[in-house]
Number of protein chains: 4
Amino acid sequence: MPTLLPVMMTVPELQTFLLREFPQMAPMNLQVQSFDGALLRLGCGIGEAQLRPGGTVSGPTMMALADCAAYLLLLGQIGPVALAVTTNLNINFLRKPEPVGMYADARMLKRGKTLAIMDVGIFSEAVQDGPVAHATLTYAIPPARNAA
Amino acid sequence: MPTLLPVMMTVPELQTFLLREFPQMAPMNLQVQSFDGALLRLGCGIGEAQLRPGGTVSGPTMMALADCAAYLLLLGQIGPVALAVTTNLNINFLRKPEPVGMYADARMLKRGKTLAIMDVGIFSEAVQDGPVAHATLTYAIPPARNAA
Amino acid sequence: MPTLLPVMMTVPELQTFLLREFPQMAPMNLQVQSFDGALLRLGCGIGEAQLRPGGTVSGPTMMALADCAAYLLLLGQIGPVALAVTTNLNINFLRKPEPVGMYADARMLKRGKTLAIMDVGIFSEAVQDGPVAHATLTYAIPPARNAA
Amino acid sequence: MPTLLPVMMTVPELQTFLLREFPQMAPMNLQVQSFDGALLRLGCGIGEAQLRPGGTVSGPTMMALADCAAYLLLLGQIGPVALAVTTNLNINFLRKPEPVGMYADARMLKRGKTLAIMDVGIFSEAVQDGPVAHATLTYAIPPARNAA
């Protein structure tokens with residue numbers, strides 16, 4: 001805990017990487033809001049494409065947000081490894097999110113040589129009393145991780 | 001097991017419901033391929049928007065496919081309840097899917113009055129030796145389920 | 001967040017309930033160490049029965065600890081509902097725990113009328129740099145919850 | 001699928017391994033009932049120690065049964081690797097199990113070099129209409145897997 005946290009990529013570097021490598025995420029208007037080596041916050045704009053019947057944000061939108069936040073946190077800590085892959089995602093949907101902006105807070109639970117396990121809370125700008133969803137993700141880190 | 005399985009919505013009814021209620025899923029070209037009361041198969045076209053670096057299908061695409069297949073299976077069994085919501089999704093990514101068509105096979109593990117738990121295998125048309133991902137989902141069924 | 005947190009059972013009441021209702025947990029020497037309405041800490045003694053080959057604590061021991069901590073947190077908030085049941089548990093094992101005492105910190109992610117979702121970190125007294133395991137659990141709350 | 005399935009340990013070898021390496025599981029009366037290379041069935045006797053208030057089988061008992069069945073399936077396929085460890089377990093509890101004998105059916109979803117993902121259905125001898133619980137587990141396989 002008191003050890004120095006690595007920052008291998010800055011917020012602008014993460015944002016540039018995101019736009020270049022994941023053009024298909026463009027409709028979500030993802031924005032890396034902050035990263036201090038331990039916590040990465042990723043914002044998400046909500047438009048028609050992210051809504052579900054009843055005017056709530058779709059589950060897949062929140063899953064994509066969680067997945068992306070975890071991925072960027074990992075890259076921020078180990079550098080731009082485009083080939084790290086999700087092996088497990090578990091998500092609980094807690095509260096109905098209003099159709100407004102959201103953000104995800106990702107933290108590392110454990111980073112080993114081959115696996116990284118992360119915790120992601122998803123928040124709505126309109127809901128004050130806690131996360132609207134909570135996810136835990138595992139990423140596999142490829143052996144030759146200096147490739148990209 | 002030997003009891004008669006309910007079919008509350010036919011394949012064309014499920015397809016119509018899907019297109020009407022989830023216009024934002026249109027880019028995935030989802031198609032209800034079969035439903036016999038127990039197993040629902042949902043196909044998914046793969047285009048640029050579903051790809052990730054390395055030419056593989058993105059995790060969020062598979063999560064959305066699993067979520068949608070489970071939802072349609074539930075509706076097929078209980079009728080068009082637009083407000084049933086996912087409460088938990090757990091997914092394991094098993095094999096790298098090639099950038100070709102995929103399908104999801106959804107089965108009911110348990111359908112209670114308020115919760116339905118489903119199992120979804122995700123397959124690639126290019127991978128023969130087993131699913132490329134496997135998910136388990138829980139949906140909460142709202143009390144007034146005859147609304148929609 | 002700023003609302004007053006309910007404490008429906010005190011630490012001694014929770015401990016008494018635990019011993020009376022779960023006599024089969026006796027080998028784990030579980031001890032409710034603290035509960036302030038938001039965070040419940042449950043300690044666990046480790047003996048021969050909790051070990052695995054290699055001198056590490058068994059997975060099932062940590063699962064039982066997580067399950068019990070979540071259950072006691074829920075009861076602490078809503079009162080002694082012996083019939084609340086786990087519907088989902090997801091656990092990630094992060095670090096090898098030494099064969100010494102452990103504790104679980106349980107927090108409520110969302111408590112609805114019928115479902116409660118909780119987050120549990122599991123710590124080893126010998127491991128300083130983070131949890132050895134992390135779990136998320138859902139409990140179903142029976143309708144007549146004032147029964148017990 | 002049509003490839004020959006490996007059987008690295010027979011049912012009696014698996015049973016002997018279980019009794020020797022996991023003496024603390026003795027109260028569960030675990031019995032390897034069958035293993036054909038693809039499906040491993042593990043039986044479990046239910047006594048006072050496995051019960052919960054209300055006369056049902058405890059969640060931790062079912063988690064331990066799932067964990068053990070998955071472990072034995074993996075060993076049956078790769079040989080006696082005592083140090084393979086669970087990294088993730090996700091379990092859904094589906095039906096109330098009566099206090100009678102249970103069994104777990106474990107199948108491999110994907111076995112890679114470093115990770116194995118397995119699917120486990122848990123059945124009660126008294127419940128005919130489907131599993132009482134369903135789990136998905138990931139095991140990490142240590143590099144020097146021929147050690148034991």
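These are my notebook entries on a few features that I looked up in this structure.

**Entry: ground rules.** I am working with a predicted model, in which local features need pLDDT of at least 70 and side-chain atom pairs count only at pLDDT 80 or more, while totals for chains, interfaces and linings use all residues. Residues are numbered from 1 along each chain as its sequence is written, and chains are lettered from A and ligands numbered from 1 in the order in which they are written.

Entry: I looked up A:Asn29 and found a phi near 50 degrees, a positive value in a residue other than glycine. I then placed A:Asn29 in the loop between helix H1 (11-21) and strand S1 (31-35) of chain A, where helices (H or I, at least four residues) and strands (E, at least two) are DSSP runs numbered from the N terminus. With 13 other C-beta atoms within 10 Å, A:Asn29 is partly exposed; the scale calls a residue buried at 20 or more other C-beta atoms within 10 Å of its own, exposed at 12 or fewer, and partly exposed in between, with C-beta atoms placed from the backbone.

**Entry: helices of chain B.** I followed helix H1 (residues 11-21) and helix H2 (residues 59-78) of chain B, whose axes come within 11 Å and cross at roughly 125 degrees; axes are lines fitted to C-alpha atoms, for helices over the stretch in contact, and angles run from 0 to 180 degrees between N-to-C directions. H1(B) and H2(B) are therefore oblique to each other, since angles under 35 degrees count as roughly parallel, over 145 as roughly antiparallel, 65 to 115 as roughly perpendicular and the rest as oblique. On H1(B) the contact is made by B:Leu14, B:Phe17 and B:Leu18, and on H2(B) by B:Leu72, B:Leu75 and B:Gly76, where contact requires C-beta atoms, placed from the backbone, within 7 Å.

**Entry: chains B and C.** I found 6 residues of chain B in contact with 6 residues of chain C. Strand S5 (residues 85-93) of chain B gives the largest share of chain B's side, 3 residues.

Conventions
Contact = placed C-beta atoms within 7 Å.
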